[in-house]
Amino acid sequence: MLTLLVNGTERKVEAQAGEPLLWVLRDRLGLTGTKYGCGEGQCGACTVLMDGKPVRSCRTPAESTTGKKILTVENLAKEGKLTALQQAFLDEGALQCGYCTSGMIMSAHALLAATPRPNDEEIIRHMNGNVCRCGTYQRIVAAIHRAAGGKRA
Ligand code: FES
Ligand code: FES
């Protein structure tokens with residue numbers, strides 16, 4: 001039995017030794033906003049924040065996250081109101097199939113927390129490990145700029 005701190009709440013879960021955080025979130029806690037893409041740490045679809053830093057939950061054993069603050073996409077919107085970043089993704093049409101989107105948003109959320117007005121280079125460097133098979137990269141960059149205040153730094 002593990003005790004994990006997920007989205008500000010202590011959750012007790014049964015998990016096998018080495019079981020990836022991704023499957024604990026999705027299958028045991030019902031938090032299916034976090035997606036399975038490659039399972040090899042290469043695509044970023046499974047990105048969540050651990051103590052504010054993006055991690056690939058497919059490659060993170062759940063037991064290694066005890067005592068850490070896990071944040072998933074489900075905890076961004078409050079009372080039905082999207083965050084500025086989520087709204088910017090919609091406004092810029094920064095998604096097509098949407099499969100990469102929660103991972104993109106979690107990575108971008110961490111970027112904006114550390115760098116409130118990133119320039120193109122900072123965005124591209126930070127988001128480099130998140131893959132969008134639909135190729136919406138330019139719109140994702142635009143959405144991050146929009147969330148940061150609407151102007152390109
Ligand atoms: S599913 Fe985790 S990086 Fe691709
Ligand atoms: S919107 Fe389809 S993978 Fe990014």
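Author: A residue is called buried under 20% relative accessible area, exposed over 50% and partly exposed in between (1.4 Å probe, protein chains only). The model is predicted: local features need pLDDT of at least 70 and side-chain atom pairs pLDDT 80 or more, while totals for chains, interfaces and linings use all residues. Residues are numbered from 1 along each chain as written, chains are lettered from A and ligands numbered from 1 in written order, and side-chain values use heavy atoms, without hydrogens and water.

The structure contains four salt bridges, each a side-chain nitrogen of Lys or Arg within 4 Å of a carboxyl oxygen of Asp or Glu. One of them joins R28 to E19, with 2.9 Å between the closest N and O atoms.

Another salt bridge brings R146 together with D91, at 3.6 Å from N to O. Because R146 belongs to helix α5 (residues 137–147) and D91 to helix α2 (residues 84–92), this pair ties together parts 55 residues apart in sequence. Helices here are DSSP runs (H or I, at least four residues), numbered from the N terminus. Both residues are partly exposed, R146 with a relative accessible area of 39% and D91 with 42%.

R146 also forms a salt bridge with E92, where the closest N and O atoms are 2.9 Å apart. This pair likewise links helix α5 with helix α2, across 54 residues. E92 is partly exposed, at 25%. Through shared partners, D91, E92 and R146 form one network of salt bridges.

Note on methods
Helix = DSSP H or I, 4+ residues; strand = E, 2+ residues; numbered from the N terminus.
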